[in-house]
Amino acid sequence: MEHEDKSESLQNLEEFHISEEYGFVLPDPLTELPDYYAPWMNVAANLPHLIEGHQLRREVAKMPLLSTRYLRGHRQLRLARLALGFITMGYVWQGGGRQTVKILPRALAVPYCTISELLDLPPILVYADCVLANWKKRDPCGPLNAENLDILFSFPGGDSNKGFFLVSLLVEAAAAAGIKAIPIIVNAILHHGLCSLETALQDVALSICKMREAFKLIHEGVNPGAFFRSLRIYLSGWKDNFLMPEGLVYEGVWDSPKQFFGGSAAQSSTLQCFDVLLGIQHSAAQGFSAEYLGCMRDYMPAAHRAFIQTLASGPSLRQFVLATGDAGLHAAFNKCVSELAALRSYHMQIATKYITIPAGRCQAEQQQLGGCVHEGTSVLSERGTGGTGFMGFLKAIRDTTRKAQLTEQ
Ligand SMILES: C[C@@H](C(=O)Nc1ccc(Cl)cc1)[C@H]1[C@@H]2C[C@H](n3cnc4cc(F)c(F)cc43)C[C@@H]21
């Protein structure tokens, strides 16, 4: 019965803030806040200009300490968090990682931590901010496609910002059809609906295939140099980062410095939820991948974290398919696994083009010229969208995915 109750609750995706059309993407994010918050929105909207003009520090010093009490509802909180998150990353990394700041001024730190507490998210920019809530349609009645989308905020790095965040968004949107099939799958297991289960698994496999199609848009949308030298720095965190060994002091909030991981694809609920559905467990054996993936769940919206946990505590799809001995189900399950492994292999190819190769060039420059501070500037070079560590992480989860194929009886 325990499984029954928990899994029944999966029937209503709405309660997990998951939409049938958009999956984990925040549908129709707000683009404006009450005028009272203009000091935040004006700085966030001009971040590249202020950073390149070395004016950000001065602008932040002028910023009044605003109250969060005039923020109404989930979408206003998400937009306020998005704006403060971009300003915070810009403020910490404005020197491109050369000279970092150790203290986040109270005018930023106090409201940012208050809002983060309300949303149960860490006070640092996460995937759910800069991908899931950082978009708008040009034509509100138009489709969710690259031509009709734009981002709300950017770092220095030009159009590659838009390419990187929107390609991630389109991959997440392609996952929606697969996520929508999950309650059907759980229901079919509980009621032995073998036919509906096979159809739902085919929907999941097709959705993962479409995610890989969407991912291919990154080649035209993102320049490797701009990503590696600029955007990647601004997504860096202050945990396990030799540039900020203590972390960051959140003035007016905590007396001691705090450490938080930088933005990473591992913060994508989609990336983690298909593993859980297919019973793919990343053991601690592959170094940090299992523990790191676990940590990253705390960097996801609470409702999405709850969905993944509820799914993980439900009946095992893998065991059910094995127990039926049904060849059609067996094939449909293995198709999902092979599509996920192919997506992970593709992710490795992208990381090679956008991280490993530019990092190699950077090191070569380092030998000739006066160093490129970017190498290893942050947890990104270990775990986030970063260097060799990140590649090892992706390879580990890809290899574990491959092993999850059901072998012939
Ligand atoms: C473009 C890339 C990126 O790293 N985006 C990013 C990173 C950090 C931040 Cl802060 C913002 C954006 C990657 C896209 C595809 C996304 N994806 C979602 N579900 C996945 C399942 C998989 F199996 C898989 F391989 C990739 C999967 C992850 C990001």
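1. Trp 254 of this predicted model is in contact (heavy atoms within 4.5 Å) with Cys 113, Pro 123 and Val 249, once its neighbours within four places in sequence are left aside. Trp 254 sits in the loop between S4 and H13; helices (H or I, at least four residues) and strands (E, at least two) are DSSP runs numbered from the N terminus. Its relative accessibility is 31%, so Trp 254 counts as partly exposed; buried means under 20% relative accessible area, exposed over 50%, and partly exposed in between (1.4 Å probe, protein chains only). Between the C-alpha atoms of Trp 254 and Ala 146, which are 108 residues apart along the chain, the separation is 41 Å.

2. On conventions, residues are numbered from 1 along each chain as its sequence is written, and side-chain values use heavy atoms, with hydrogens and water left out. Because the model is predicted, local features need pLDDT of at least 70 and side-chain atom pairs count only at pLDDT 80 or more, whereas totals for chains, interfaces and linings use all residues.

3. A search of the whole structure returns one cavity of 30 Å³ or more. A cavity is a set of points, on a 1 Å grid over the protein atoms alone, where a 1.4 Å probe fits but cannot get out; lining residues have an atom within 4 Å of a point. The largest cavity holds about 500 Å³ of space, the volume being the space filled by probe spheres set on the points, with grid points joined across faces, edges and corners. Its lining comprises 33 residues, of which Tyr 127, Ser 168, Phe 215, Ala 265 and His 347 are the closest to the centre.

4. Helices H7 (127-130), H8 (159-180), H10 (194-215), H13 (269-277), H17 (327-368) and H19 (388-403) are the elements that each give two or more residues to this lining. H17 gives the most, with eight residues. By class, 23 lining residues are nonpolar, eight are polar and two are charged. Here Ala, Val, Leu, Ile, Met, Phe, Trp, Tyr, Cys and Pro count as nonpolar, Asp, Glu, Lys and Arg as charged, and the others, Gly among them, as polar.

5. Not counting residues up to four places away in sequence, Phe 274 touches Ala 175, Gly 178, Ile 179, Val 204, Ile 208, Met 211 and Leu 340.

6. Helix H12 (residues 224-234) is largely enclosed by the rest of the structure, because nine of its eleven residues are buried. Among them are Phe 227, Phe 228, Arg 232 and Tyr 234. At the start of H12, a side-chain oxygen of Asn 223 comes to within 2.9 Å of the backbone nitrogen of Gly 225.

7. His 192, in the loop between helix H9 (182-190) and H10, has a positive phi near 55°; at 58% relative accessibility, His 192 counts as exposed. Asp 240 has a positive phi of about 55° and lies in the loop between H12 and strand S4 (249-250). With 46% relative accessibility, Asp 240 counts as partly exposed.

Conventions: On a 1 Å grid over the protein atoms alone, a cavity is a set of points where a 1.4 Å probe fits but cannot get out, and a pocket is an open set with protein on both sides within 12 Å along at least five of seven lines; lining residues have an atom within 4 Å of a point. A polar contact is a pair of N or O atoms within 3.5 Å; within protein, one must be able to donate a hydrogen and the other to accept it, and residues adjacent in sequence count only if both atoms are side-chain atoms.
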